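Open the structure in your viewer and keep the selection panel at hand.

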Amino acid sequence: MGMQAQAEKLNKQFSNSTAPEALQYFCTQPGQKAVFTTSFGLEDQVLTHMICTWVPGVRIVTLDTGRLFEETYQLLDLTAKHFGIKIEVYFPEQKRVEEMVNSRGVNLFYDSIENRKLCCHVRKTESLKRALAGASLWITGIRREQSVTRYSAPLVEWNDQYGLLKLNPLKDWTEQMVWDYIRLYNIPYNPLHDKGFPSIGCSPCTRAVREGEDLRAGRWWWEQPENKECGLHIYAKGKDKSV
Ligand code: SF4
């Protein structure tokens, strides 16, 4: 059976499982090398708590683009201390950033979608590739209701690009469920969430959202919604491509 077909079978098998049940099953398979990538959003903080509780020892990594909010750096430090864990930090290649900035400008992302995607590629995707090297399972905090680019995210999918299974344990969680969990366990979170930032990325590419706006409307706000991904998470438009 191909990896994609196997992923489809697993989605059916785990369709009624809770997030901790899915984490426990997938992270404890023989020879499994799981990696959780966090950007310290609310969902990531929930998953960090679940991982520390149910499957401690899973690698937790983050990508430092060099353009994050000061609040995010403080939360990185606080999260590591709060849970007593080591969080691996991956940086972009110095030479690649220098070449990009010196040829296209330090705030190149505002000039075109091509420039914005290049910046995300150099500062995020290339680091992610190194972070996932050798891994067999990639855990993310993606939720379907976050945006139109994520509404078809399955629980588990085969990711051809990195040659591993990708697990989205919170795919069906609502924003309310995430907040309830954060408050129930008194989990530290980014203070920007209380200032109108539901989704937090790099500082120059994130603004607060207005009442009634989409959760990710503040990310790359000058672009159309269907373009709003940094290349780390891509899903089919209009049709679920994995399940
Ligand atoms: S979010 Fe903005 S600053 Fe961050 S990597 Fe992407 S384009 Fe660059």
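**Around the ligand**

Select the shell around the ligand: by class, it has seven nonpolar, two polar and four charged residues. Here Ala, Val, Leu, Ile, Met, Phe, Trp, Tyr, Cys and Pro count as nonpolar, Asp, Glu, Lys and Arg as charged, and the others, Gly among them, as polar. A residue is near a molecule if its C-beta atom, placed from the backbone, lies within 6 Å of it. Now pick Cys119, Cys120, Arg123, Cys202 and Cys205, which come nearest of the 13 residues around the ligand.

The model is predicted: local features need pLDDT of at least 70, side-chain atom pairs count only at pLDDT 80 or more, and totals for chains, interfaces and linings use all residues. Residues are numbered from 1 along each chain as its sequence is written.

**The whole protein**

Switch to a cartoon view, where the protein has seven helices and six strands. Helices (H or I, at least four residues) and strands (E, at least two) are DSSP runs, numbered from the N terminus. Zoom out: the C-alpha atoms fill a box of roughly 50 × 40 × 35 Å, taken along the principal axes.

**Helix α3**

Select residues 42-54, which form helix α3. Ten of its 13 residues are buried, so α3 is largely enclosed by the rest of the structure. Buried means that 20 or more other C-beta atoms, placed from the backbone, lie within 10 Å of the residue's own. Colour the buried residues of α3, including Leu42, Val46 and Ile51.

Methods. The expected span of a helix is 1.5 Å times one less than its number of residues. A residue is buried if 20 or more other C-beta atoms lie within 10 Å of its own, exposed if 12 or fewer, and partly exposed in between; C-beta atoms are placed from the backbone.
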